[in-house]
Amino acid sequence: MARTHIKPEIQIERINALRNTLNQLRSKENRNWLHRPHSKSWSAIEVAKHMLIAQEVYETKIESTLSRLKPIEGSLEAIRPNRTPAFLIKRFPPQNGEIKHKMKTTKKFEPVLDLTSLSNTDVATILDQLDSSLAQLKSWVTAYRTTDVTAIRFNSAIGAIVRFNAAEACEFILCHNERHFQQMANALKG
Amino acid sequence: MQHIPLLQRAFQPLDLNPASHPEFFKGWEEVQFKRSDFITESGVRERHFYVVVSGVQAIYIIGNNGDKKVIGFSFDGSFSGVYDSFLEESPSHYFLEALTPSTLIRTTLDDYNSWFTLYPEFNYWGRIVHQHLLIGRVKREIELITMTAKERFDAFIERCPAPLLTIPQKYLASYLNMTPETFSRLRSLKS
């Protein structure tokens, strides 16, 4: 869904929705998580691992930025993203359950898992980590909401060609996750 | 338990005291929130029933266009929390936010339910409280449907508890289903 403004409360609502979805999906059996729907597509657990890798890239950048932002009176209502981040963000979320604008994943974001040796505990650990990463994303949104978030920009994961403030980065990660939650649900269906 | 008088006032008309209702007074915990902290988030289950010691809190829903629609407020001495989520044990549809630094005391659903079993008089309290809630919601619905913005403003100001006059106008305007500009204009006409 195209969004012209980033609103922290809406981000929090969406993150909570993803956590609730994850909680529901966890009832699926291990074999469902490991099953690849096609030989070239990822299994649901690989999708989960990819989301973890993608967020980790931003962890230091966002936390360092948040520690330097100045607090404001009250809280932010809305942030208008810059043109390039807005363009990227708009392309990401699934539309009516469909993943549009297929994108190539670069090597560093590829999940490297040996699906033949993953135990129930391994799967559960990755899913626990995914839930923790969503909680971490929410803590970033909660933190930037009471700061002058537009004051500091940093390079995105693809370099200086796209620079984010913390609100845009959180939106980018969230849209990316929404896209991959759809993929994860599709993979679990078989 | 340092909030005995507060609880006794909040749970009127019951005559509660620690000697006759020990289990009721046991199960409360004090919590503090900074201004703008979320007490409960949309999408997360409300696990507590609150009584406000100090501060003002707003309960709101996010509309389709992303705007906050304020449903109500809580303040010194009143009950607070997302009641439907609390009772149904389901994710909240609303945010509950501290608009000013807030201190609340809270209890859990198990404790809340135990009062009705341990102390039958709580069923009387429950009846009275839910009657007031229902009548209040109906009155508000009628005001929103039938009154002009000015009439809604006048009616609200007449019964407005003092703590609410300290919060940002945009929350009051949203509660009254008017723009902050209209609220501000009506307020300046009044003063």
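This tour moves from the interface of chain A and chain B to a residue in a helix of chain A. The model is predicted, and side-chain atom pairs count only at pLDDT 80 or more.

**First stop: the interface as a whole.** Select chain A and chain B together and display the residues in contact. Chain A contributes 14 residues to this contact, and chain B contributes 19 residues. Between them the two chains bury about 1300 Å²; carbon and sulfur atoms account for 45% of that area.

**Second stop: charged and polar pairs.** Display the side chains on both sides of the interface. The rule finds 7 salt bridges between chain A and chain B. For one salt bridge, select Arg145(A) and Glu97(B), whose side chains meet at 3.0 Å, N to O. Polar contact across the interface of chain A and chain B involves 14 residue pairs, with both residues at pLDDT 80 or more.

Select helix α1 of chain A, residues 8–25. This helix supplies 6 residues, the largest share of the side of chain A that touches chain B. Colouring that side by residue class gives 7 charged, 5 polar and 2 nonpolar residues.

Select helix α6 of chain A, residues 166–189, and locate Asn186(A) within it. Is Asn186(A) buried, partly exposed or exposed? Asn186(A) counts as partly exposed because its relative accessibility is 31%, between the limits of 20% and 50%.

Key: Residues are numbered from 1 along each chain as its sequence is written. Chains are lettered from A and ligands numbered from 1 in the order in which they are written. This is a predicted model: local features need pLDDT of at least 70, side-chain atom pairs count only at pLDDT 80 or more; totals for chains, interfaces and linings use all residues. Side-chain values use heavy atoms; hydrogens and water are left out. Contact means heavy atoms within 4.5 Å. Buried area is the accessible area (1.4 Å probe) that two parts lose on being put together, summed over both. A salt bridge is a side-chain nitrogen of Lys or Arg within 4 Å of a carboxyl oxygen of Asp or Glu. A polar contact is a pair of N or O atoms within 3.5 Å; within protein, one must be able to donate a hydrogen and the other to accept it, and residues adjacent in sequence count only if both atoms are side-chain atoms. Helices (H or I, at least four residues) and strands (E, at least two) are DSSP runs, numbered from the N terminus. Ala, Val, Leu, Ile, Met, Phe, Trp, Tyr, Cys and Pro count as nonpolar, Asp, Glu, Lys and Arg as charged, and the others, Gly among them, as polar. Buried means under 20% relative accessible area, exposed over 50%, partly exposed in between (1.4 Å probe, protein chains only).
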